[in-house]
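Reader: I have a chain open on my screen and would like to talk it through. Can we go residue by residue where that helps?
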Amino acid sequence: MSSMTDSDYHEDTEKLPELLKQFKEFQKEFSEQREDADLENEDYILPQSSERKLTKEDLADIKDDKWLLKVARNEIFARYGRMFKDEKLQEYFDSKDWYEPIYEPDEFDEYMVSDMEMKNAKFIKEYEDKLN
């Protein structure tokens with residue numbers, strides 16, 4: 001078993017700026033693709049959840065519907081290709097033209113979504129929890 005030397009650590013650390021740059025480019029490209037898909041198909045419960053911070057006014061029409069809140073929260077992750085263990089939820093997203101399943105639930109990393117999207121998901125979850 002080999003151990004990491006200071007030299008190895010330094011070399012790996014030097015790669016971080018390039019990896020970060022590649023990740024940012026991927027994130028930008030993916031975001032542009034999502035925006036194009038959003039324009040082509042407005043088949044979302046909360047299409048703005050990936051564009052701006054949600055408000056309670058955004059949730060006014062669905063705040064009393066546990067299923068719609070759950071779908072709205074999970075469409076944030078579905079936009080990135082996350083798949084779902086909940087069969088009903090998976091069937092819902094499979095029916096959407098914009099949805100492309102890529103990541104099994106255990107493979108999906110929440111760091112793929114922006115901070116704003118994660119805050120929106122938590123905001124929606126607060127409403128879901130009120131109905132439980």
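Reader: Start with K119. Is it buried or exposed?
Author: K119 is exposed, because its relative accessible area is 60%. Exposed here means over 50% relative accessible area, buried means under 20%, and partly exposed lies in between, with a 1.4 Å probe and protein chains only. This is a predicted model, in which local features need pLDDT of at least 70, side-chain atom pairs count only at pLDDT 80 or more, and totals for chains, interfaces and linings use all residues. Residues are numbered from 1 along each chain as its sequence is written, and side-chain values use heavy atoms, with hydrogens and water left out.

Reader: Which helix holds K119?
Author: K119 is part of helix α4. Helices are DSSP runs (H or I, at least four residues), as are strands (E, at least two), and they are numbered from the N terminus.

Reader: How far is K119 from L54?
Author: Their C-alpha atoms are separated by 8.7 Å, while K119 and L54 are 65 residues apart along the chain.

Reader: Which residues of α4 are buried?
Author: In α4 the buried ones are E117, M118, N120, A121, F123, I124, Y127 and E128.

Reader: What about the length of α4?
Author: It agrees with expectation, because 17 residues at 1.5 Å a residue should span 24 Å and the end C-alpha atoms of α4 are 25 Å apart. The expected span is 1.5 Å times one less than the number of residues.

Reader: Back up a bit. How many helices and strands are there?
Author: The protein has four helices and zero strands. From the N terminus the order is α-α-α-α.

Reader: Where is confidence lowest?
Author: In helix α1, residues 6–40, the mean is 66, the lowest in the protein, whereas α3 has the highest at 98. Those are pLDDT values, the predictor's confidence in each residue from 0 to 100. The protein averages 86, and 75% of the residues score at least 70.

Reader: How much of the chain is buried?
Author: Of the 132 residues, 34% count as buried. The accessible surface is about 9300 Å², and carbon and sulfur atoms account for 49% of that. These areas come from the Shrake-Rupley method with a 1.4 Å probe, and for residues only the protein chains shown count as cover.

Reader: What sits in the largest nonpolar core?
Author: That core has 26 residues, and L46, L59, F77, F84, F93, V113 and I124 touch the most other members. α2 (66–78), α3 (87–94) and α4 (115–131) each supply at least two of its residues. The most come from α2, which gives six. A nonpolar core is a set of buried Ala, Val, Leu, Ile, Met, Phe, Trp, Tyr and Cys residues joined through side-chain atoms within 4.5 Å.

Reader: Why would such residues gather at all?
Author: In soluble globular proteins, nonpolar side chains tend to be buried together.

Reader: Take L46, then. What is it in contact with?
Author: Leaving out neighbours within four places in sequence, L46 is in contact with L54, D58, L59, I62, A72, E75, R79 and I124. Contact means heavy atoms within 4.5 Å.

Reader: And Y99, is it buried or exposed?
Author: Y99 counts as buried, because its relative accessibility is 6%. Its place is in the loop between α3 and α4. Not counting residues up to four places away in sequence, Y99 touches A78, G81, R82, M83, F84, Q90, F93 and D94. Y99 and G81 are 18 residues apart in sequence, with 6.8 Å from C-alpha to C-alpha.

Reader: New topic. How many salt bridges?
Author: The structure holds eight salt bridges. Each is a side-chain nitrogen of Lys or Arg within 4 Å of a carboxyl oxygen of Asp or Glu.

Reader: What does K70 pair with?
Author: K70 forms a salt bridge with D86, and the closest N and O atoms are 2.6 Å apart. This pair links distant parts of the chain, with K70 in helix α2 and D86 in the loop between α2 and α3, 16 residues apart. K70 is partly exposed at a relative accessible area of 25%, and D86 is partly exposed at 27%.
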